[in-house]
Amino acid sequence: MVEVNKLNKSFGDLHVLKDIDLTVKESDVVCLIGASGSGKSTLLRCLNFLEMKDSGSIKIESEEIDQHTHDLNAVRQKVGMVFQHFHLFPHKTVLENVMEAPLHVKKQPKVQVKKEAQELLKKVGLSDKENVYPSKLSGGQKQRVAIARALAMKPDIMLFDEPTSALDPELVGEVLTTMKELAEEGMTMVVVTHEMGFAKEVADWAVYMHDGRIVEVGHPDELFTAPKEERTKNFLDSVL
Ligand code: ADP
Ligand code: MG
């Protein structure tokens, strides 16, 4: 589904991603962990072509994506993204937020888009909030709208960048439940998260990044309880 080889990315003199190799198979859930500044967000943004790699290759569904020749908007439709800070349109209702991209980017008929948006809101448990503006929602509800909005484009892969980090603790569970349901339906997911419980329960693979490199990859049970690398162990000691 995703295959990254020798990916490198710098911002000026700052070498942020160093020879990243990563393979994500269909229906895999991969949790990405690592200290702040280790390059996790930049890696996700490269996978969604919000940032352009300097070198290396990125294949999405076996096709190598060249940022100069491919229609990146078309590629981005296959790769949904959910951010820490929701990024909802404040002047649009919940339903309009979910309808926006299929209507204006994919130019699908409004009746169909509305029906599908309503189904997605039902799926994330927010049917009763269709006509409400985001400012009236809790953080957990906003994030579930953001997930529905990303799903509205029918992506093949979903990327989550610390989706629960901005939430009050009591609202984290509802978002993780929605993500878990998505995983159980077979969605391919890459999730940057510090929620070790979620990672242990849902992830097929955990990936530990340090200073722009992937240091260790393993099943969550093994990586969290018996890391092979000293740096992974030190990181886990600092967060658990
Ligand atoms: P993480 O998500 O693991 O905290 P990031 O990928 O956000 O790490 O950042 C990795 C490094 O790249 C940090 O040092 C950060 O300051 C730097 N960085 C990220 N985005 C930019 C940017 N657009 N311009 C310059 N530096 C950036
Ligand atoms: Mg980040």
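Entry 1, aromatic rings. I looked for pairs of rings of Phe, Tyr and Trp (its six-membered ring) with centres within 6.5 Å, and the count came to one aromatic pair. This is a predicted model, where local features need pLDDT of at least 70, side-chain atom pairs count only at pLDDT 80 or more, and totals for chains, interfaces and linings use all residues. Residues are numbered from 1 along each chain as written, chains are lettered from A and ligands numbered from 1 in the order written, and side-chain values use heavy atoms, with hydrogens and water left out.

I took a charge as sitting over a ring if NZ of Lys or CZ of Arg is within 6 Å of the ring centre and within 35 degrees of the ring normal. The charged end of R149 sits over the ring of F89, at 5.3 Å from the ring centre.

A pocket is an open set of points on a 1 Å grid over the protein atoms alone, with protein on both sides within 12 Å along at least five of seven lines; lining residues have an atom within 4 Å of a point. I read about 530 Å³ for the largest pocket, a volume being the space filled by probe spheres set on the points. Its lining has 19 residues, and R149 is among those nearest the centre, with R76, M81, A101 and M153. I sorted this lining into ten nonpolar, six polar and three charged residues (Ala, Val, Leu, Ile, Met, Phe, Trp, Tyr, Cys and Pro count as nonpolar, Asp, Glu, Lys and Arg as charged, the others, Gly among them, as polar).

Entry 4, second largest pocket. The volume is about 180 Å³. Helix α4 (residues 110-123) gives the largest share of the lining, four residues; helices are DSSP runs of H or I, at least four residues, and strands runs of E, at least two, numbered from the N terminus.

I searched for sets of points where a 1.4 Å probe fits but cannot get out, and one cavity of 30 Å³ or more turned up. The largest cavity holds about 40 Å³ and is lined by K123, V124, T178, E181, L182 and E185. K123, L182 and E185 are also among the residues lining the second largest pocket.

I found an open sheet of four strands, β2-β1-β4-β5, paired antiparallel (pairing takes at least two DSSP bridges). β2 (14-24) and β5 (63-64) are at the edges with a single partner strand each, so one side of each has no neighbour in the sheet. In β5, E64 is the bridge partner of K59.

Methods:
Phe/Tyr/Trp six-rings, centres within 6.5 Å; stacked < 30°, edge-to-face > 60°.
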